[in-house]
Structures are given as C-alpha cells and as structure tokens.
Amino acid sequence: MKLVVWFEEVGKEDGGLVGGKGANLGELTRAGLPVPPGFIVVADAYFSFLRACGLQPQIEQSLAGLDASDNAALQRAAGEVKQVVLGAPMPAEMASEIERSYEKMGGGPVAVRSSATAEDLADASFAGQQSTFLNVTGTGVAPAVQACWASLFEPQAIAYRARRGYDHLKVGIAVVVQRMVQSQRSGVIFTMHPVTGDRDKIVIEAVYGLGEAAVSGVVTPDFYVVDQPSLTIEEKTPSRQERQLVRNPNAGSGEGDNAWVPLPPDLGRQQKLTDQEIVAIAGLARRVEEHYGSPQDIEWAEEDGSFFVVQSRPVTTAVVAD
C-alpha cells in the first residue's frame with residue numbers, strides 16, 4: 001500500500017484518498033497555481049494504523065451509546081479516544097516513510113494539516129474540526145501526523161458526525177505535510193461576498209504574520225472588497241495591528257513553535273496590502289474560481305514578496321443574493 005503521495009500526483013477527484021484539503025492542493029498544483037510543495041499521508045495509512053494497533057474495538061467501546069448532546073459525556077469519550085490514538089505506537093515502516101518523504105522535500109519547517117475524507121461535501125463541511133500544526137521540523141513530523149489522526153475525535157468532530165449520521169470509524173483522515181510559508185502577510189479570500197452572496201465581489205482579509213492570528217479572532221484583519229469582473233477596488237477598511245504571530249526563533253526548546261511579537265507602531269497602522277497587491281491577489285483568486293467553476297474560500301500567504309495559495313475550498317456558508 002502506498003502511504004504517501006505528492007501534490008502533483010492527485011487532483012480534486014481523489015478526496016477519498018487524500019481528503020478535501022489534500023485533493024484541492026493537488027488540483028491547484030496541477031493547475032499551475034503558486035502552491036508551496038508538499039506530500040499527503042493518505043487516509044489508508046490512518047485505517048492501516050488503526051488495524052495494526054487493534055484500536056477499533058477500544059474506540060467503538062468508548063463511543064458506544066454516546067449521547068453527543070451530553071457535553072460531559074462527549075468530553076469524556078473524546079478524551080478517551082484521543083488518548084487511545086495518541087498512545088499507540090505508529091508502525092515503524094509508516095513512521096520511516098513519513099520521515100523519508102519529509103527529507104526528500106528538503107526538510108525545514110512544515111505545516112502538518114488534517115484532511116478528512118468527508119471534508120467539504122455538498123451536504124456537509126468538516127473543515128476546521130481537526131488539528132493543524134505549524135512550523136514542525138525533523139522527528140516531530142510523524143508525531144504531528146498521529147496527532148492529526150487523533151484530532152478526528154475532537155468533541156466537536158464527534159458531535160458533528162453524530163448529528164449527520166456518519167459512522168465514526170468509516171470517516172477517514174489524510175494528513176497534508178506542506179512546506180511552511182513564513183508569512184510576512186497572510187489571510188483569506190472569498191470569491192463571492194460571504195455576507196451578501198454577491199458573485200461579482202471578491203473579499204480579501206489580510207494580517208501581518210501567520211493567518212492563524214486572524215482565524216483565532218485575536219487580530220482583526222484589513223478588509224478589502226474588489227469588483228470581480230473589472231478587478232477594481234471598491235472598499236478598503238484597514239485595521240490597526242499591534243502584534244503578529246510568527247515562527248518562534250527558539251522553536252524546539254520547549255517554548256512552542258510560534259510566538260507573538262510586537263509590531264512597530266507605524267507599521268501596525270499601515271494598510272497591509274498596497275492597492276497593486278490587492279488587485280494582484282484578487283486576480284489570483286479569480287483564476288482559482290475559474291478553474292473550479294464555483295465560488296472559493298481561499299487561504300493565501302506572502303513571503304519575501306511572493307504570494308502563495310495554501311488552500312482553497314468551496315464556499316459552503318454564503319448567503320445567496322436575490
């Protein structure tokens with residue numbers, strides 16, 4: 001069984017093998033869009049791990065008869081299952097294959113991201129329910145992959161599957177390992193207005209540093225609106241930013257992989273992107289939407305003047321305009 005595939009080997013039709021995130025990264029890579037390189041530990045590796053370690057009966061026992069609306073019981077069951085998954089030794093050949101692939105990619109810091117095989121279906125979205133680990137290096141990659149597997153049993157993920165009627169042991173999870181962009185600026189783009197549903201608008205959010213600062217709600221991003229047909233900027237709402245999330249220069253010393261650092265006041269007050277950059281990013285987003293043929297929710301990052309697409313998924317929560 002092939003445990004690892006590279007981005008260029010998969011496309012949007014391979015969600016069952018590499019999950020929604022992995023399939024989209026492969027699709028974007030094949031389309032010639034600027035995507036940082038990487039590989040995917042396939043969902044079959046996760047199922048093989050469960051079988052090799054004999055974990056299915058323990059997981060079934062912990063989840064049997066669970067009332068997902070009982071928060072105390074949900075938290076208890078999630079904790080038990082995650083500990084079972086984290087405590088099992090990854091088969092040596094599996095860990096070695098992950099480490100060899102990491103070394104083949106050139107080493108250095110990587111982002112390790114969960115990619116559930118049921119992500120972003122037409123009738124359900126699992127995105128955001130599993131873990132992501134940033135700036136992982138060396139021997140930390142295989143344990144981060146295993147931690148992503150365990151995150152399939154976070155309380156919110158268990159509850160979501162229970163409400164939707166998904167079998168907990170049939171939803172697989174692949175794991176993306178991607179070269180880490182040390183973002184000087186980052187954010188998200190919606191190729192339709194996420195509030196009004198206007199298909200002629202592109203909405204861009206931007207922060208200094210890693211995009212998780214905005215996702216977590218700690219930092220309020222700049223907000224730009226661009227007319228999609230003409231790529232004309234229609235609205236700019238800069239937001240003052242006092243600190244940014246960056247790779248911890250002491251990562252690996254027990255201090256954590258990322259750190260908050262203060263921004264110089266004059267920089268924090270500036271518009272994050274120039275008008276020229278706003279138009280360029282909007283044009284890139286339009287290319288992504290044209291490739292998929294539907295509105296997209298895109299994560300972007302910039303390092304040393306180069307802009308990258310680090311994820312794209314269908315917009316699943318937009319309001320449909322009248």
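This is a predicted model: local features need pLDDT of at least 70, side-chain atom pairs count only at pLDDT 80 or more; totals for chains, interfaces and linings use all residues.
Which residue in β9 does V225 stand opposite? The residue is E235 in β9.

Residues are numbered from 1 along each chain as its sequence is written, and side-chain values use heavy atoms, with hydrogens and water left out.

## The sheet

V225 belongs to strand β8, and β8 is part of an open sheet of six strands in the order β9-β8-β7-β6-β12-β13, with antiparallel pairing. At the edges are β9 (232-237) and β13 (306-314), each of which pairs on one side only. From one strand to the next, the twist averages 20 degrees. Helices (H or I, at least four residues) and strands (E, at least two) are DSSP runs, numbered from the N terminus. Two strands pair if DSSP finds at least two bridges between them. Axes are lines fitted to C-alpha atoms, for helices over the stretch in contact, and angles run from 0 to 180 degrees between N-to-C directions.

| Strands | Bridges | Facing residues |
|---|---|---|
| β8 and β9 | five | V225 and E235 |
| β7 and β8 | six | V203 and V225 |
| β6 and β7 | six | I189 and I204 |
| β6 and β12 | six | R185 and E302 |

β8 and β9 form a hairpin with four residues between them, and L231 in the turn has a positive phi of about 55 degrees. Strand β8 (residues 222-227) has five of its six residues buried, so it is largely enclosed by the rest of the structure. Buried means under 20% relative accessible area, exposed over 50%, and partly exposed in between (1.4 Å probe, protein chains only).

Strand β6 (residues 185-190) runs antiparallel to strand β7 (residues 201-208). Six of the six residues of β6 are buried, so this strand is largely enclosed by the rest of the structure. In a regular strand the side chains alternate between the two faces of the sheet. In β6, R185, G187 and I189 point one way, while S186, V188 and F190 point the other way. Looking across to β7, V188 stands opposite E205.

## A cavity beside the sheet strands

Rolling a probe the size of a water molecule over the atoms shows where empty space is left. The structure holds one cavity of 30 Å³ or more, and the largest cavity has a volume of about 30 Å³. On a 1 Å grid over the protein atoms alone, a cavity is a set of points where a 1.4 Å probe fits but cannot get out, and lining residues have an atom within 4 Å of a point. Grid points are joined across faces, edges and corners, and a volume is the space filled by probe spheres set on the points.

I189, I281, L284, A285, V288, I298, W300 and V309 line the largest cavity. The elements that give two or more residues to this lining are α10 (275-292) and β12 (296-303). With four residues, α10 gives the most. One of the lining residues, W300, counts as buried at 3% relative accessibility.

## Aromatic rings and charges

The structure holds five aromatic pairs. Rings of Phe, Tyr and Trp (its six-membered ring) pair if their centres lie within 6.5 Å; planes under 30 degrees apart count as stacked, over 60 as edge-to-face and the rest as tilted. The rings of W6 and F39 have their centres 5.3 Å apart and their planes at 65 degrees, so this pair is edge-to-face. W6 lies in strand β1 (residues 4-6) and F39 in strand β2 (residues 38-41), so the pair ties together parts that are 33 residues apart in sequence. Both W6 and F39 are buried. For W300 and F307, the ring centres are 5.9 Å apart and the planes are at 40 degrees, so that pair is tilted.

One aromatic cluster is formed by Y46, F47, F49 and W149. In helix α2 (residues 43-52), the buried residues are A43, A45, Y46, S48, F49 and L50.

Charges meet rings too: the charged end of R161 sits over the ring of F153, 5.4 Å from its centre, and the charged end of R179 sits over the ring of F308, 5.8 Å from its centre. A charge sits over a ring if NZ of Lys or CZ of Arg is within 6 Å of the ring centre and within 35 degrees of the ring normal.

How values were computed. On a 1 Å grid over the protein atoms alone, a cavity is a set of points where a 1.4 Å probe fits but cannot get out, and a pocket is an open set with protein on both sides within 12 Å along at least five of seven lines; lining residues have an atom within 4 Å of a point.
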